[in-house]
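Please read the following briefing alongside the sequence and the coordinates. It takes the fold of the chain as a whole and then one residue within it.

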Amino acid sequence: MFNFIPKVTTMMPHVGSVAGGTKMTLEGDGFLTKSTLVMIGQVPYYDGHNARINGSHIELNTLPAEENTYTVSVTVNDVEAIYDCDCF
């Protein structure tokens, strides 16, 4: 069995509105449309639910959240990649 290993190389922007609606783009490698989960803090994003995902590109619109610093992670088939930044 072949496993995809997600890797996030860039993410823009690094800040967003507490009201939500910030368009965020993650670029990298190993993203699968139906098997990729993005987490911003404890909020999930996946294809068809506030996100569009293809092999190297993820676009999402953030949901409302409290002002804070959040970890951004991308998981594909239980393999996780964490984007290391003080984001949102």
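Contact here means heavy atoms within 4.5 Å. This is a predicted model, in which local features need pLDDT of at least 70 and side-chain atom pairs count only at pLDDT 80 or more, while totals for chains, interfaces and linings use all residues. Residues are numbered from 1 along each chain as its sequence is written, and side-chain values use heavy atoms, with hydrogens and water left out.

**Fold and dimensions**
- The chain has 0 helices and 8 strands, where helices (H or I, at least four residues) and strands (E, at least two) are DSSP runs numbered from the N terminus.
- The radius of gyration, taken over C-alpha atoms, is 12 Å, close to the 12 Å that the globule rule gives for 88 residues, so the chain is as compact as a globular protein of that length; the rule itself is 2.2 Å times the number of residues to the power 0.38.
- Along its principal axes, the C-alpha trace spans about 40 × 25 × 20 Å.

**Packing**
- Of the contacts in the chain with a separation of 6 or more, 55% are accounted for by residues 24 or more positions apart.
- Buried residues (under 20% relative accessible area, with a 1.4 Å probe and protein chains only) make up 36% of the 88 residues.

**Residue I40**
- I40 lies in strand β3, which covers residues 36–40, and counts as buried because its relative accessibility is 6%.
- Leaving aside neighbours within four places in sequence, I40 is in contact with M24, Y45, L60, T62, Y70, T71 and V72.
- I40 and L26 are 14 residues apart in sequence and, C-alpha to C-alpha, 12 Å apart in space.

Terms used. Buried < 20%, exposed > 50% of the residue type's maximum accessible area, 1.4 Å probe, protein only.
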